[in-house]
Amino acid sequence: MDLTLKIWRQKNAASKGKFVTYKISDISPNSSFLEMMDILNESLVLCGEDPVAFDHDCREGICGACSMYINGHPHGPDKAITTCQLHMRRFKDGETIVIEPWRARPFPVLKDLIVDRTAFDKIIQAGGYVSVNTGGIPDANSIPIPKVKADLSMDAAACIGCGACVAACKNASAMLFVAAKVSQFALLPQGRVEASERVQAMVAEMDNLGFGNCTNTGACEAECPKEISISNIARMNREFLSAKLGAQKPSGRTGSDA
Amino acid sequence: MAELNSKIPKGQLAEKWTNYKDNIALVNPANKRRLEVIVVGTGLAGASAAASLAEMGFKVKNYCYQDSPRRAHSIAAQGGINAAKNYQNDGDSVYRLFYDTIKGGDYRAREANVYRLAEVSNAIIDQCVAQGVPFAREYGGLLDNRSFGGAQVSRTFYARGQTGQQLLLGAYSALSRQVKKGNVELFTRHEMLDVVLVEGRARGIIVRNMVTGEIERHAAHAVVLATGGYGNVFFLSTNAMGSNTTAIWKAFRRGAVFGNPCFTQIHPTCIPVHGDFQSKLTLMSESLRNDGRIWVPKQKEDAEKIRKGTLLPTQIKEEDRDYYLERRYPAFGNLVPRDVASRAAKERCDAGFGVGETGLAVYLDFSDAINRLGKSTIEARYGNLFQMYEKIVDENPYKTPMMIYPAVHYTMGGLWVDYELMTTIPGLFAIGEANFSDHGANRLGASALMQGLADGYFVLPYTIQNYLADQISVPKFSNDLPEFKLTEEEAVNRLKKLMNVRGKNTVDSFHKKLGHIMWEYVGMGRNAEGLKKAITEIRALREEFWKDVKIPGEMNEINPELEKASRVADFLELGELMARDALHRDESCGGHFREEFQTTEGEALRNDQEFMYAAAWEFTGDTQEPKLNKEVLDYEFVEVKQRNYK
Amino acid sequence: MALAGLFLISFLGVHLGINLLILKNDGREAFNIAAHFMVTNPVVQSMQWVLFGGFILHILLGAVLQIQNWMARPQRYKVEGFSHTSYFSKFMIHTGLIIFAFLILHLVNFFFKAKFGAMPEVMIGDHMYEDMGLLVIEKFSNLSYVILYIFWLLFLGFHLDHAFHSAMQSLGLNHSKYTPVFFGISRALAILIAGGFMIIPLVIYFS
């Protein structure tokens, strides 16, 4: 296959970037999108040019590192896959492919197609956990959990933290990411214990980091490589409203949860 | 000569760990706050250790090369995690898990360690459930189990085909909680370049900030390496692109001995290689072998026609199919351990019965299971895996059998550690896949997750205290000590040297060449002649690399080519050690198959008289050959037998 | 946003109901009585302020959210994606602004006249009523007004298409069984309300 690539090149976070056009030929339709990028980079290196920097690691669709915005879609035109799972047979011979980094204020570009997604870690740090220490835990089967709830929780937990939801959303909103984590825990008895504190802390951190608002366009769900449903966003809204309306403050001093 | 003291506690097997815990020195809470621990790596072992140590009160610094701790390659583990819960009432017990693991490892692991692993396995499941890991459940609300290779009980806990992901996210959430509390300082996009020794003890690391290119010195009272395995020495493997050996290799060069480097696990169910441009191999979970049947055509002519594309697998009649695993191993059938399954596939392909365009593939067929259980059941069990397969191969596995072939997956070898998980460098610990540990010569499925979390949650947090207890009077280290400056200088010089080669060939081209040598001579079937050849060829390649590698860009920026080059330079040294280890071990055991040593039926032939030891290699200098030390394995409690899965 | 929106939807329903009375063949009697009721009844008068509040809240919140959303992506994509989603959801601010602009015109045309302007009067039964109906009929005899209103109502329909179900989602009401129904209600409301309002100028102009 012969292709024309228009790729965003940006030397570092401080510099201004621009699109550069590359021609590439003899690409096997069986190669993956990232293998096509490898081939491009190999040729750039041999010409003494700086190869295109992009995040990638597991190359099997689970680590969430790869993050290209391809022809108007995060992770490219196919549904339910990451960029590393995208194969060139999906494209037409002679096609022009525009490759951009994720665009969102909380995801600044570090170089070329690499963006900084530390904001996601910060949201998890704000409350995306169950506050238990290692050890001293009752038997795993001591609390039965309805299979349906466990399965719904797993649906939400499948999030790989790639940021495609933010990239796809016209508002650069992180609601699906946050909702997935909130839902995973809200559906399990272990997570319910601090569900109210969790949803408030995580939403506050999300807003604080400068993500946009959810206007229920559903683009996140359509582009999520793990097909996480926006019903999780509704669940988070529910959790958030009831936490805000119903949360009680205990009197007296409370200790830290160390 | 390195002194190998395994520090195995005295007493009966089942009492050793309890005795050990009862008698070690502990650090009181006030002192814990003053002690700093560096943990390199944020996978199952690293994240769980960092979180647990921080919860106890230690000040932890945690490093990863990825942009987030959640991306460590533990995330890609699919199948499950073993534990001796016996929830299925099928006769499982701590002893049986221990025994299966020791046997599965072909009697090349340390009894006491493996028993401890089996012992803490149950607590891991409890811990993960409490963290909110959504394991698969039955309709009654209790946890579900599945069976895995090498075991006759169902003891594997799983979360769809994403068990590693869910366990890692559990550990990551625990870690995140400690970051928020200020007990863990997180350094992402930082790659460890070297370990710093002060007066013979590990006291810090040198890292490169991969965004700014800055070289930084970090000091602590102890250093824990949880940096995973080195399967990427083969170029093509199921490891992540960034997985590398640098941390443990640098530790080796600083004096930590390296245990059993040649013990590599070749996983039987991967998607076959399809072209030169291929960058990585994709694993299909071993759990597929629960319902899939592996076969090749009985007639060579059929295999030839299939390779040419003139015959379809679905056209081959039942009686013309050779279900070779069921034929050779009637007791375990398609569920034999990984090394056995891989070798059997290679044997058939080498004999000319392989399928696929290259002839390097066998079929994994679900038609029987679909007829028996219905398509929807199979879809519920393996839907995501089938989808993944179809995305890559462009064939529908519900209609035509999958093609699979073995691929490098896991390295049982790693830094030699004692019972306390400490290397031969005092204060330097290695956990998870980075150590040579508990799997002997072959790892059973669903045991890697178990070991990583056992080390991180339940073993290291105890054993490291025994070391740190006498460090409480040692003040915080300054990273201005001459040892730090010197080590930093060496790291910088090495990178400069790489940049200044300014040769003609890309890093990947060297890595691919190394991979070919390794796969050809140090892969599934090894022999003395080939291994000697490998050593010579790797040396030559290494020399060429340092003369001819081309790295564009600068040191002080994001430079993926420089990162790769630095890793490949280490692989080029490690590859030789692996070949050397494989050459010295004149026997076949587990994943190490020497063609000269096999039974008449083609099974691995161990030599327990001469090789019942862990090979622990010691670095003696760049120009000298490494020195072999031996930790003799003393089987006190189990009877050592020929492994038999027939 | 969601609550204000739902409130405005309910207002549109009432408004439409009254407007349709003008089509009743009774010399605008029912319509004028209803209009009179709306401008004089104290409960409706107080609700009017709530309604104003609702409008302002909805518009202001919409504007603030939109500005935040624009700020969240300072650099836009070269190729903007069109994911398979509820189509009009992406243009709520645009349809909203168009509706807002015409709303002012609309208020000037009818509301302020009814409220403060001199109105023709008509005797119904024993009482004198403002002949609001006559005003409406005069306006819609003018083709340009008809086109303008149809155009405006079209955008109101687009806006409403992403209203009801979106409000439900924001309020946390999403369910595998009922959410498709919410989408149906949304679409139905958009067609009924916009279509219902459109009938009036068309009927008046062509009769």
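Chain A exposes about 9,300 Å², with 52% supplied by carbon and sulfur atoms. Areas come from the Shrake-Rupley method with a 1.4 Å probe; for residues, only the protein chains shown count as cover.

I note that this is a predicted model: local features need pLDDT of at least 70, side-chain atom pairs count only at pLDDT 80 or more, and totals for chains, interfaces and linings use all residues. Residues are numbered from 1 along each chain as its sequence is written, chains are lettered from A and ligands numbered from 1 in the order written, and side-chain values use heavy atoms, without hydrogens and water.

I counted elements next. Chain A has nine helices and seven strands; these are DSSP runs (helices H or I, at least four residues; strands E, at least two), numbered from the N terminus. Of its 258 residues, 62% are buried, meaning under 20% relative accessible area, with exposed over 50% and partly exposed in between (1.4 Å probe, protein chains only).

Then I checked helix 2 (residues 118-127) of chain A. Eight of its 10 residues are buried, so helix 2 is largely enclosed by the rest of the structure. Among them are F120(A), I123(A) and I124(A). Within chain A, the buried residues of helix 2 pack against helix 4 (164-168), helix 5 (175-186) and helix 7 (195-208). From chain B, helix 6 (163-181) and strand 5 (184-187) join in.

Last, I looked at chain C. F116(C) lies in helix 4. F116(C) is exposed, with a relative accessible area of 62%.

How values were computed. Contact means heavy atoms within 4.5 Å.
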